[in-house]
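Open the model in your viewer and keep the selection tool at hand. This tour goes stop by stop.

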Amino acid sequence: MDQPSGFLPPRFDPDHPVPPDQAGRSETSARPPGHVAGGAGPAARQARRRPVHPQGVEGFDRPVRFLPAGDRALVVEFGNEISPAIHARVRALTQALQVRPIPGVMEVVPTYRSVLVYFDPMQVAPAALEQGLLDLVRNREALQLPAPTVTVIPVCYGGEFGPDLPFVCEHTGLSADEVIRIHTGRDYLIYMLGFTPGFPYLGGMDERIAAPRLESPRTKIPAGSVGIAGKQTGVYPVESPGGWRIIGRTPIKLYDPYREPPALLEPGNYVRFRAVTRAEYEAIAEQVAAGTYRVEVVPKAAEH
């Protein structure tokens, strides 16, 4: 998913991204051009257009936009691109709402470039909610974000676990060892979770191993499959359809409904892939099944 959506819908399909020019729009504004509910013509469209409130914030290169999403949700939009700087603002607001919750807020959904806030209109008015969110954004410096961590994910590459590794090699002109070395050679920022429970959208993949999606998606991809789609890489937490190029598989569970929390990964942290042999994979799988495997989580080293 090279250009993902900002907030509509809350679930994100890596094989069907929303075009960038529609990202972050409300349901009304995303309708086909010329469609106006209950009226027609420019005057009717203007009269029925939902308000968008841009607010300047010191230190930001563009205004923060507040977009209504129905009568029970509000979108706080920080930008229109995938970038660590915009994601840091998304993470800061999400964390601030946990530390200093606003009465009436029921759920918070962070995405690449925006935060969708569900609220109870019987407890908080939209205007009051918008002001409360703006205050949190403007006072972000007072918030101490937790230091990011790196979750190490063991992956057995190629063979039956990575049926598309030969294609990636042919497409990039690299050997299998080179693709694996590049794929395991950096830490990937977790921008958000979506599409299926616990699916991590990771940023920072080396473009040398970028590869197109499958022309025809598979109807079933095993849980733990590690894939590449365009300039992105990710892991399928549960068995599902998908069109990413599968290059390997991990034996650990990224999503377990009986675990607390169910999702292993969290936006704002990082993932590092570690290549393992088939024998190591099987050994880890046995530990996972027995409940004795401990996922390796290390502090994120400072970047210079």
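**The whole chain**

Start with everything shown. Keep in mind that this is a predicted model. Colour by secondary structure: the chain has 6 helices and 15 strands. Its length is 304 residues, and 46% of them count as buried. Now think about contacts between residues at least 6 apart in sequence: 62% of these join residues at least 24 apart.

**Helix 2 and helix 3**

Select residues 84-99, which are helix 2, and residues 126-138, which are helix 3. How do the two axes cross? They come within 9 Å, at an angle of roughly 115°. The two helices are therefore roughly perpendicular to each other. Their crossing is right-handed.

Next, show side chains where they touch. On helix 2, pick Leu93, Ala96 and Leu97; on helix 3, pick Leu133, Leu136 and Val137. By class, this contact of helix 2 with helix 3 holds 6 nonpolar residues, no polar ones and no charged ones.

**Helix 4 and helix 5**

Move along the chain. Select residues 165-172 for helix 4 and residues 176-183 for helix 5. Their axes come within 9 Å and cross at roughly 95°. So helix 4 is roughly perpendicular to helix 5.

Which residues make the contact? Helix 4 brings Leu165, Val168, Cys169 and Thr172, while helix 5 brings Ala176, Val179 and Ile180. In this contact of helix 4 with helix 5, 6 residues are nonpolar, 1 is polar and none is charged.

**The aromatic rings**

Zoom in on one of them, Phe195 with Tyr236. A pair of aromatic rings is described by the distance of the centres and the angle of the planes. Here the centres of Phe195 and Tyr236 are 6.3 Å apart and the planes stand at 80°, so the pair is edge-to-face, the class for angles over 60 degrees.

Where do these two residues sit in the chain? Phe195 is in the loop between strand 7 (188-193) and strand 8 (200-203). Tyr236 is in the loop between strand 11 (232-235) and strand 12 (240-242). The pair links distant parts of the chain, 41 residues apart. Buried or exposed? Phe195 and Tyr236 are both buried.

How values were computed
Residues numbered from 1 in each chain as written. Predicted model: local features only at pLDDT ≥ 70, side-chain atom pairs only at ≥ 80, totals over all residues. Heavy atoms only, no water. Axes fitted to C-alpha atoms, helices over the stretch in contact; angles between N-to-C directions. Helix = DSSP H or I, 4+ residues; strand = E, 2+ residues; numbered from the N terminus. Parallel < 35°, antiparallel > 145°, perpendicular 65-115°, else oblique. Left-handed = near helix turned anticlockwise from the far one by under 90°. Contact = heavy atoms within 4.5 Å. Nonpolar A, V, L, I, M, F, W, Y, C, P; charged D, E, K, R; others polar. Phe/Tyr/Trp six-rings, centres within 6.5 Å; stacked < 30°, edge-to-face > 60°. Buried < 20%, exposed > 50% of the residue type's maximum accessible area, 1.4 Å probe, protein only.
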